[in-house]
Amino acid sequence: MDKNDLTSGSEEGIDWGGSAAQEGKIMKKMKILPKNVHTGLPTPLADPVKFSLVKGDYLYFYYGCDGQDDRGWGCGYRTIQTMASWLCYNLSPPKGQHRPPPSLPETQQALVSMGDKPGSFSGSREWIGTFEASLVLDYFYDVPCKLVHIRGGGVELEQVAVEELHQHFQKHGCPVMMGGDRDNSSKGIVGVCTDDKGSHLLIVDPHYYGGQLEKEELQRRGWVAWKRVSSLDQSSFYNLCMPQTAKK
């Protein structure tokens, strides 16, 4: 994708079909969500050496977007939903199956069902990370994920993480989930831009809470933004969850 081709994208209504009726009030409220919220955002570097972006459509999920107030614990679930929306749009059946992104209760129940969590996890406010994300996407969509551990520090982030992300977007194109220990806030990554002075990540932040906003307002408020890799917590380790969607 050309680095200037960032002008498409809008809000998208999805017919959630029978799932809405089955999952009750939460899914019924999940009717219109912002789509491709990074589009139109200026690139952070005038002359990048490498520039890689998400390929295909996705929806932006955030705190409370389906009527469930998950502030303080639900960011990982929301990033999973954003990734799952990409799978719905971009994978052909049987892998895509056009299944709606799993609700928070569905995600918790799936982790219990597969034996990763105890029964008490269902209905809790316990957060989840990249490892659980890989289990959930495989469970619902039969898509394996590559997990990359970045021990921390500027060199590993600038070299290992950045190169992994470039390769991922060029081959697979799906949003990536990023989380850590000291910096334990889940982030969606939908692009990476590099020049000889360093790199920027295109972050879709699920921590917004409030009424639905247009993508331009989300960008203006910084919920969707390019962030310097050097601005990340240099004392934190980070993990990347990267869905492996390319055909073998």
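What follows is a short chat about a predicted model.

Colleague: Before we start, what counts in this model?
Modeller: It's a predicted model, so local features need pLDDT of at least 70 and side-chain atom pairs count only at pLDDT 80 or more, while totals for chains, interfaces and linings use all residues. Residues are numbered from 1 along each chain as its sequence is written, and side-chain values use heavy atoms, with hydrogens and water left out.

Colleague: Where is the kink in α6 centred?
Modeller: On Val-162, with a kink of about 25 degrees. The bend is the angle between axes fitted to the seven residues ending there and the seven starting there.

Colleague: And which residues of α6 are buried?
Modeller: Among them are Leu-157, Ala-161, Val-162 and Phe-169. Buried means under 20% relative accessible area, exposed over 50%, partly exposed in between, using a 1.4 Å probe and protein chains only.

Colleague: What comes just after α6?
Modeller: Gly-173, with a positive phi of about 80 degrees.

Colleague: New topic: where does Ser-230 sit?
Modeller: In the loop between β8 (224-228) and β9 (238-243). Ser-230 counts as partly exposed because its relative accessibility is 47%. Its C-alpha atom is 7.8 Å from that of Glu-158, 72 residues apart along the chain.

Conventions: Helix = DSSP H or I, 4+ residues; strand = E, 2+ residues; numbered from the N terminus.
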